[in-house]
Amino acid sequence: MTDLVERVRDVLPSVRRDLEDLVRIESVWADPGRRDEVHRSAQAVVELLSQAGFDDVRTVSEGGAPAVIARYPAPPGAPTVLLYAHHDVQPEGNHEQWVSPPFEPTERGGRLYGRGSADDKAGIATHLAAFRAHGGRPPVGVTVFVEGEEESGSPSLGRLLAAHRDALAADVIVIADSDNWSTEVPALTISLRGLVDCVVEVATLDHGLHSGLWGGVIPDALSVLVRLLASLHDDDGNVAVAGLHETNAAALNYPDFPPERVRADTGLLDGVSEIGSGSVPQRLWAKPAITVIGIDTTSVAAASNTLIPRARAKISMRVPPGGDAKAHLDALTDHLRRHVPWGARVSVERGEIGEPYAIEARGPVYDAARAAFRQAWGADPVDVGIGGSIPFIAEFAAAFPEAKLLVMGVEDPATQAHSVNESVHLGVLERAAISEALLLANLA
């Protein structure tokens with residue numbers, strides 16, 4: 001295995017160059033004006049996989065963004081491993097908040113900065129490194145599946161899995177789209193919260209009114225909305241919506257977060273307290289969470305002394321493992337309709353639904369993964385949950401119920417995925433690539 005580790009290190013310089021080239025492609029599927037870039041990104045992935053030694057490489061689409069499937073057949077008696085990543089990225093936000101241009105990969109302090117440098121083009125790089133280290137002839141079958149619309153909720157993934165079921169069938173599915181405990185300690189993700197969202201709109205008037213003439217008598221829609229949104233939490237910050245599920249985090253043996261780590265990892269301002277009750281893993285991975293992620297109303301710049309007739313907000317809810325996402329959205333919708341104050345009219349537009357998932361990470365496949373982590377990192381992996389959501393994992397589990405799921409990644413607490421100044425730690429990238437190469441060997 002020592003030779004394999006050295007071969008990974010030998011190929012990493014070329015893999016990093018390929019990663020940097022991918023980061024330069026603005027593959028934001030959520031932006032209709034850049035969908036040509038997503039197609040260009042898919043073609044770049046096709047070329048990289050073909051050059052790595054895959055003979056069967058193709059671009060596929062089922063009414064959505066282009067995905068890439070590459071296949072290397074299993075030797076007789078060997079299992080097939082599916083390696084997943086995605087080549088689309090989040091919108092980059094305000095360029096002025098980036099220290100370096102978001103689509104120009106830049107190294108600083110041992111990290112490579114750029115949109116998609118970690119989430120999830122580093123996943124593609126990890127797969128390339130592992131396959132190249134085996135000389136394009138690993139001891140197991142390898143299928144690489146690189147999706148193109150994960151950051152938009154994977155709306156066509158179900159159709160892709162159905163249409164290409166035979167090509168994607170595998171004994172082990174490796175999802176390279178998660179976090180590590182730190183830059184020195186790896187993690188194996190064993191649970192993921194689901195996701196639902198909705199847009200709530202409240203209305204009190206059929207037109208705006210002069211606030212001096214009618215203020216104090218007629219409610220404005222924004223005050224109604226603020227009171228309604230405040231009803232979603234109690235005074236301690238716990239979710240106050242009835243009928244929601246909570247998992248027992250203690251039974252899953254998660255590691256704990258000391259308060260100083262919470263503050264350091266999040267950038268919580270001095271004097272601002274945490275919210276909710278229970279341990280950090282309980283609140284972060286095993287309880288529902290509700291966040292108001294956007295509000296439409298009159299801007300401060302355009303404000304006048306007017307009672308606002310309508311206002312709306314987008315609400316995101318995370319669903320703990322074991323909960324039913326649709327039932328949670330039903331509960332949230334019912335809460336909003338029952339708690340609107342002063343008889344205001346309320347409407348709820350239901351949005352995305354993604355199911356949570358929990359993995360029973362025991363058995364030979366997980367033993368092989370933990371052994372690979374241990375050798376690559378020099379540390380045992382910890383089992384963690386993910387507070388965020390990767391809804392497609394439940395879809396993979398439903399499509400291939402006999403396959404074992406391994407959820408790992410190249411991110412760490414300082415990655416800032418989805419935020420400005422996203423980066424990948426180059427040492428973590430190396431260890432993740434070594435882990436995956438060793439895993440392929442162990443599974444044989």
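This is a predicted model: local features need pLDDT of at least 70, side-chain atom pairs count only at pLDDT 80 or more; totals for chains, interfaces and linings use all residues.
The domain assignment of the protein chain gives two domains, each made of two stretches of sequence: domain 1 covers 1–192 + 356–443, while domain 2 covers 194–258 + 278–354. Between the two domains, 17 residues from domain 1 and 17 residues from domain 2 take part in the contact. The C-alpha centres of domain 1 and domain 2 are 34 Å apart.

| Property of the interface of domain 1 and domain 2 | Value |
|---|---|
| Area buried between domain 1 and domain 2 | about 1,200 Å² |
| Share of that area from carbon and sulfur atoms | 66% |
| Salt bridges across the interface | zero |
| Residue pairs in polar contact across the interface | two |

Both of the residue pairs in polar contact are at pLDDT 80 or more. On the side of domain 1 that touches domain 2, the elements giving two or more residues are the strands β8 (187–192), β15 (357–358) and β16 (382–386). Of these, β16 provides the largest share of that side, with five residues. Sorted by class, the side of domain 1 that touches domain 2 consists of ten nonpolar residues, six polar residues and one charged residue.

**An aromatic pair**

Ten aromatic pairs are found in the structure. One of them joins Y254 and W285 in an edge-to-face arrangement, with 4.7 Å from centre to centre and 70° between the planes. Because Y254 lies in the loop between α7 (221–230) and α8 (259–266), whereas W285 belongs to helix α9 (residues 280–286), the pair ties together parts that are 31 residues apart in sequence.

**Backbone geometry**

Most peptide bonds are trans, and most residues other than glycine have a negative phi.

Note on methods. Residues are numbered from 1 along each chain as its sequence is written. Side-chain values use heavy atoms; hydrogens and water are left out. Domain bounds come from an automatic or database domain assignment. Contact means heavy atoms within 4.5 Å. Buried area is the accessible area (1.4 Å probe) that two parts lose on being put together, summed over both. A salt bridge is a side-chain nitrogen of Lys or Arg within 4 Å of a carboxyl oxygen of Asp or Glu. A polar contact is a pair of N or O atoms within 3.5 Å; within protein, one must be able to donate a hydrogen and the other to accept it, and residues adjacent in sequence count only if both atoms are side-chain atoms. Helices (H or I, at least four residues) and strands (E, at least two) are DSSP runs, numbered from the N terminus. Ala, Val, Leu, Ile, Met, Phe, Trp, Tyr, Cys and Pro count as nonpolar, Asp, Glu, Lys and Arg as charged, and the others, Gly among them, as polar. Rings of Phe, Tyr and Trp (its six-membered ring) pair if their centres lie within 6.5 Å; planes under 30 degrees apart count as stacked, over 60 as edge-to-face and the rest as tilted.
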